[in-house]
Amino acid sequence: MKNHMPPQHPTRKPPMRRLILLTITGLVIGGCSFAPEYVKPQVPLPEQWSDPSLDDNENRAEQWWQRFGDPALAILVQESLDANLDLQIAAARVAEARAFLSGREAERYPMLSIEGSGARQGPSEEAAGFGPNQARPFTDFRVSGLLTYEFDLWGRKANASEAAQHRLLASAANQEMVRLAIISEVASGYINLLALNHQITIAENTVATRRESVQLQRTRFQGGDIDELALRQAEAELAATQAELPALRLRQTFQIHAIGVLLGKPPRDIKQETLTTHSSIESLEAPATFSAGPPAALIVRRPDIKAAEQLLKAANAEIGVARAAYLPTISFAGLIGLQSAQVGDLFSSNAANWQLGGSLLSPLVDFGRTEALIAQAESRQTQAYLSYGRVVQQAFREVWDALEQVQRTDERLESKHSQVTALKQSTRLASERFKGGYSSYLEVLDSERNLFNAELALVEIKRDRLLADISLFRALGGDY
């Protein structure tokens, strides 16, 4: 602690100069801090990623959601960033933390106030020490400037200000976390919408094909070429396919409503909103590689990890605030003003008055209150330290999970493509066998039903593959 002492040979100075000197001394005398030295938690990390889809290069020209190459998605993301209510709430919390920091910073400086008063008083003869009939009522007018300041000798206010600053940074990181979540949800909702659009198209085409098939079977039944069973089976299969469409359209409507909320639309617009898509789920390609940087970069790019570290720093500084309560507080007050019994004489040269004073307040017996506050602060620091480690663990778990999801959905996608190709050939052969009289119409219906279900499942796996990409982007912390 640097100790700035006043001059050894002070000379007599006017009151205002003394006040200025005391203020400056108080501002520079503080330098002690009883907060423990902050040590960044050391977490053992892998030296490099083992997955080839993760690129160590951290530089990218485009933002991560633009790598899907869909202009409509980029527009939706921008609209969400402009109007999403959750993001606005997060921004308001940052503003609150910033204002709190400004208040903590202001507490480290003197407070200058002005006061004015006027009073008419009749003194007690007994209290004033006057004889009978000697005390007279008097008038007192005052105008004064008051300067008060508490010396931050032990760093209590400095540590409180530092804690507020770290909490502001944590709030800003939380805002970035909300931003990343919103972008991910918009992108996921858009992918879901593309998948539902394509499934509806498949269902509509299948309904049209089966309606033609029913008409053909009805003609053949009327001509005596087939029995009634084949006709009723075709009609039942048409009805089953038609029943899929309302459920798909309901999910499509729900998804549009969900995206509308993410975009911050008012209720009327959410109900009436229709979203224009640019790509189809079939044409949208997943990125081949992901710019991740080395594993250590995840610590500085994930907003939740940054927030956890800032909260740990804040808890560390707050220990210093609690420990300072053991030590005395020293403050002074200086007053310069005017005092007169008559308003007309208030601004005369003889009306000036001044006063300097100081106080020292030191705890003597608090029955363990300060010790309890310190124990609470240290416990909060321990919690913040453990929370930091847990957030880092969760971050890497999400990366590993997303990588596994990408790999396994690639395998599922390949297998489902093969199944759909085989079922198309099977359906064609079943139809030819039925026309040739070698099999019943039930084989045709089974093949068509299996193909329809497989095509819908293929769209879902394609959707899951793109959603896995979004999960990986989010797990990596978005853009570096």
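Of the 480 residues of the chain, 37% count as buried, where buried denotes a relative accessible area under 20%, exposed one over 50%, and partly exposed the range in between (1.4 Å probe, protein chains only). The model is a predicted one, in which local features require a pLDDT of at least 70 and side-chain atom pairs count only at pLDDT 80 or more, while totals for chains, interfaces and linings use all residues. Residues are numbered from 1 along each chain as its sequence is written, and side-chain values use heavy atoms, with hydrogens and water left out.

The secondary structure of the chain amounts to 11 helices and six strands, assigned as DSSP runs numbered from the N terminus (helices H or I, at least four residues; strands E, at least two). For α5, whose 67 residues should span 99 Å at 1.5 Å a residue, the end C-alpha atoms lie 96 Å apart, in agreement with that value; the expected span is 1.5 Å times one less than the number of residues in the helix. Just after α5, G224 adopts a positive phi of about 85°, and α10 is followed by G437, with a positive phi near 80°.

The largest nonpolar core comprises 69 residues, among which W49, L54, W64, F68, V399, L472 and L476 touch the most other members; such a core is a set of buried Ala, Val, Leu, Ile, Met, Phe, Trp, Tyr and Cys residues joined through side-chain atoms within 4.5 Å. At least two residues of this core are supplied by each of α2, α5, α6, α8, α9, α10 and α11, and the largest share, 16 residues, comes from α5. A second, separate core of seven residues includes L413, L423, A454 and L458.

Aromatic pairs number 10, given that rings of Phe, Tyr and Trp (its six-membered ring) pair if their centres lie within 6.5 Å, with planes under 30 degrees apart counted as stacked, over 60 as edge-to-face and the rest as tilted. W49 and W400 form an edge-to-face pair, 5.4 Å centre to centre with 75° between the planes, and this pair links the loop between α1 and β1, which holds W49, to helix α10, which holds W400, across 351 residues. W49 is buried at 8% relative accessibility, whereas W400 is partly exposed at 36%. The rings of F151 and F332 have centres 5.9 Å apart and planes at 35°, so this pair is tilted; F151 lies in strand β3 and F332 in strand β5, 181 residues apart. Both count as buried, F151 at 15% and F332 at 8% relative accessibility.
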